Amino acid sequence: MAILQFNKQALGNLEYSLQREMLSTNRAGGYMNTTIVCCNTRKYHGLMVCPLEELGGEDYVLLSSIDETVIQHGQEFNLAIHRYPGMYEPRGHKYIVDFSYTPTPTIIYRVGGVLLKKEMLWVHTAEQLLIRYTLLEARSATKLRLRPFLAFRSRHELSRENGEADGTSYPIPGGVKSRLYGGFPWLHLQVDRTDAKFVPAPDWYHDFEYLEEERRGYAFREDLLTTGYFEFDMATGESVIFSGSLAEAEPGQLARLFEEEVARRTVKTEFLPALYHSARQFLIIKENRTSLTAGYPWYNARSRETFIALAGITLTQPQGAMVGSCVEILDYHVRHRLHRGIFGIHFAADTQLWFFHALQQLEPYVGGGKAEIWARYGGAMKEILSAYRAGVGPESDRGGERYIRMAGNGLIWAEMPEKPLTWMNAVNDGWPVTQRPGFAVEVNALWYNAVCYALALAHEAGDDEFAAEWGELPERIKDNFKATFWLEQNPQQPYLADYVWHNGEKNADIRPNMLLACSLPYSPLNDYDQQKIFIVMEAHLLTPRGLRTLSPNSPQYEGICRGNQYCRNLARHQGTVFAWLLEHHVRTGFRLYGKGYLMQAKELLGGFEEDLLNYGIGSVPEAYDGDAPHDACGAISYAPSVAALLMIHKQIREIERQ
């Protein structure tokens, strides 16, 4: 079943095609992202978006787009499409007859008797984009013109015409090199045709509009500079390779390089292979280290998302192909990001505790099991647990406030003025939208799981000192967990408070955070209590795309995540659906009902198959509206979402084998 192909009727409908984006990465941080008709609708879109170490490692849009023009009998047919104020011009989408995403994004254009194929790919681990144009049919002499548009700006910013930009094209074999601003690397634009000529014609094109940015409440117009264009004759059956690269290429080797790269691609016409491919795109291998980006097109590597998604991205790949990558990423975090029990610079109460869950998932894949995990990561685990017990904060090492600390009841208290400390971290006007100070339910579920797991490893390794020091804590946490969080407001439908504030005040919002007290390997609740929570989840929060962040019955519920940043933040954790939570829901279902839950789990997973044709094609987005039909929103490709579906598939296979 070809799930990543689109026909002429769909492509010609801009309301449809502009809502579907393609993504191609080089696995080293660079990527191509645009719509399936190559009309940019976001400032993050571009054919070449690269991290530039000479500019602090941030991502920059270098090559925004290329206009292709077919010329016959003196008539020009521009195949591109751009949005300008009040209009689309040119309207090359009307010439598109087919788009397929696999094995590499490919578009076929028909202009009269001309049939032209365009295949786009990034060279793996190199900052090089290749596009192969093949003239499949032509009834008369045909020329092809390629006009690149350059941006040379941060992916978070927009460019305007200015006198500092250098529009000069400097000749190199097969093309030219350009650098709009000092401090940037050279961008090499080349083709593999010896008869091709580059015509220098520097010019600014004004007011490209990016409608997704306008909808999101941001600046949405920019000017782009073209330094000239390539032009050459083509005959039926001929191909030409265009290369955009940060290093000068050998034109005579471009065709061979393209063939080698295409041969490395797999044909992803089924649901599961598409998910595996999407998962691999989050792994960044650069400068001899591996990291995991949280999502495209605007996220970078973030510790919380890394620990949540890592097992699903790496450990589900066929034949254990990426176990080494999982270990590399965890090792890097321990050696370079862990400081006084906290990972990185983003101060949060849950991030460090997700690290323990990532280790639990890795354990079956390492030869030494628990002993090896403890030998490799035991020091980091002790450091984190000790920091939580003693209390941590940005200034705690200098005697300042300890915003995250273990209370006398063994639970974790987390509170910091005007700053959210959990994953529900949206902020409007300097204040958290979702107020959750005090004892947060998922933080304490993660805390109990972390302490129990560390003790299990210590016992296995014979670390009697650690076992003696921490051995009494699990029972204290367990005894106080239910007493602290359990709500009996409705005896027929009891559940856990989302957080507990001063004087024992319990927040009764129905949120998915309580689910972690059921899904993690070590739970402070018995099966009977877990079942009650699971019933509440299904009644209030479960949707075909994941779990809502708030029950629709709440007066604070926001069912649509749209509009400017303020509006989106208002809805983000007040009803918006997140797919990554579904992994924990399914895990709980299997824990409680075993094979009796198999059919429902398969239905939930299968429901995403058609979703791979929407939004970010071939992948799973960050979030969905809480209200039906649950339209996608947020990042077009999100690591925790993809990881969750792969982990659900893994759980299904394991249950089927029982």
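This briefing walks through selected strands, helices and loops of the structure above. The model is predicted: local features need pLDDT of at least 70 and side-chain atom pairs count only at pLDDT 80 or more, while totals for chains, interfaces and linings use all residues. Residues are numbered from 1 along each chain as its sequence is written, and side-chain values use heavy atoms, with hydrogens and water left out. Helices (H or I, at least four residues) and strands (E, at least two) are DSSP runs, numbered from the N terminus.

- S2 pairs with strand S36 (residues 615–616) in the parallel sense, over 2 bridges; two strands pair if DSSP finds at least two bridges between them.
- The bridge partner of arginine 20 in S36 is tyrosine 615.
- With strand S3 (residues 31–35), S2 pairs in the antiparallel sense over 5 bridges, and threonine 25 stands opposite tyrosine 31 of S3.

- A polar atom of the asparagine 26 side chain lies 2.7 Å from the backbone oxygen of alanine 126. This is a polar contact (a pair of N or O atoms within 3.5 Å; within protein, one must be able to donate a hydrogen and the other to accept it, and residues adjacent in sequence count only if both atoms are side-chain atoms).
- Neighbours within four places in sequence aside, asparagine 26 is in contact with Trp122, Val123, His124, Thr125, Ala126 and Glu127; contact means heavy atoms within 4.5 Å.

**The nine-stranded sheet**

- An open sheet of 9 strands runs in the order S1-S9-S10-S11-S12-S19-S16-S15-S14, with antiparallel pairing.
- Strand S1 (5–7) and strand S14 (170–172) are the edge strands, each pairing on one side only.
- Neighbouring strands of this sheet are turned by 15° against each other on average, direction ignored. Axes are lines fitted to C-alpha atoms, for helices over the stretch in contact, and angles run from 0 to 180 degrees between N-to-C directions.
- S14 and strand S15 (residues 175–178) run antiparallel and are joined by 3 bridges; tyrosine 170 stands opposite lysine 177 in S15.
- Helix H4 (residues 254–264) lies across strands S11 (114–122), S12 (128–137), S16 (187–191) and S19 (239–245), running at about 95° to S12.

- Helix H6 (residues 303–314) packs against helix H7 (residues 323–337) at an angle of about 160°, with their axes 9 Å apart.
- Residues making the contact include Phe307 and Leu310 of H6, and Ile329 and Leu330 of H7.
- Glutamine 317 is found in the loop between H6 and H7 and is buried, with a relative accessible area of 5%.
- The glutamine 317 side chain reaches the backbone oxygen of tyrosine 276 at 3.3 Å, and one of its polar atoms lies 3.4 Å from the backbone oxygen of isoleucine 313.

**Helix H15**

- Helix H15 (residues 565–572) has Arg568, Asn569, Ala571 and Arg572 as its buried residues, and what covers them includes strands S27 (427–428) and S35 (577–578).
- Asparagine 564 caps the N-terminal end of H15, with a side-chain oxygen 3.2 Å from the backbone nitrogen of tyrosine 566.
- Arginine 572 lies in H15 and, leaving aside neighbours within four places in sequence, is in contact with Tyr299, Ala426, Thr549, Cys561, Phe578 and Glu622.

Terms used. Buried < 20%, exposed > 50% of the residue type's maximum accessible area, 1.4 Å probe, protein only.
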